[in-house]
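Welcome! Let us walk through this structure together, one part at a time.

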Amino acid sequence: MATLKDTRRSASDTNPVFRKLFRNSQVSTERQQEWQVAVRHAGTGTPPLRFPVYEHLYQFNLCAQKMVELLEELSNKFAIDPEALLYNQSLIQSVRAAISLDIVESMTGVEHTEAWLFQSQQRSEEETLRDPDDVYITVHQREAERIKMGLPPRIQFLDEPRSGRKSTGKKTRATRAT
């Protein structure tokens, strides 16, 4: 009997809210797959997180810096040629920078996609929490701002007094008939 050792979550295990956002959006399938692969492969644990990638990158950079500093100390104690010291320190920093760049570039697409996903999720949640009648309050406030700026109102609310409103032609005709 064969057993599967791959314990990574499948794409179908993606957060249902995110699946819906991907399905209803204009995001390319390539970007969706890139995000799913990166989240699936970056980091381990329950749930699989990619944050250990950043932790390891930080540790790697610290160790590279420590190597540069140790090389400096060794050169002071053992009279290493200054040109050789600079060359070796440059090699260490070059490797550190190249590896950091590769990791950061690979995670950039994931972070952009997640920013979009979480912003979309936030807008979706705000939409469900929003009172549809809030639009009337906003319009009423905007009309008050326009009046304070000396601009004419664009709409008239039914619950406001009509004293400043011009009379209509129908009312004038009714007055003449009597």
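Helices (H or I, at least four residues) and strands (E, at least two) are DSSP runs, numbered from the N terminus. Read along the sequence, the pattern of this chain is α-α-α-α-α-α, with 6 helices and 0 strands. Before we go on, please note that this is a predicted model, in which local features need pLDDT of at least 70 and side-chain atom pairs count only at pLDDT 80 or more, while totals for chains, interfaces and linings use all residues. Residues are numbered from 1 along each chain as its sequence is written, and side-chain values use heavy atoms, with hydrogens and water left out.

Let us start with helix α4, residues 82-129. It has 48 residues, and from its first C-alpha to its last it reaches 66 Å, close to the 70 Å expected at 1.5 Å a residue; the expected span is 1.5 Å times one less than the number of residues. Follow the helix to T108, where α4 bends by about 30°. The bend at a residue is the angle between axes fitted to the seven residues ending there and the seven starting there.

Which residues of α4 are buried? They are L85, Q89, I92, S100, M107, G109, V110, T113, E114, L117 and S120. Here buried means under 20% relative accessible area, exposed over 50%, and partly exposed in between, with a 1.4 Å probe and protein chains only. Of the 178 residues of the chain, 19% count as buried.

Now look at the partner of α4. Helix α3, residues 51-78, packs with α4 at an angle of about 170°, their axes 10 Å apart. Axes are lines fitted to C-alpha atoms, for helices over the stretch in contact, and angles run from 0 to 180 degrees between N-to-C directions. The two helices, α3 and α4, are therefore roughly antiparallel, a term for angles over 145 degrees.

M67 is partly exposed, with a relative accessible area of 45%. The C-alpha atoms of M67 and Q93 are separated by 9.4 Å, although these residues are 26 apart along the chain.

Finally, turn to helix α5, residues 134-148. Its 15 residues should span 21 Å at 1.5 Å a residue, and its end C-alpha atoms are 21 Å apart, which agrees. After α5 comes G150, whose phi is positive, near 85°.

How values were computed
Angles under 35 degrees count as roughly parallel, over 145 as roughly antiparallel, 65 to 115 as roughly perpendicular and the rest as oblique.
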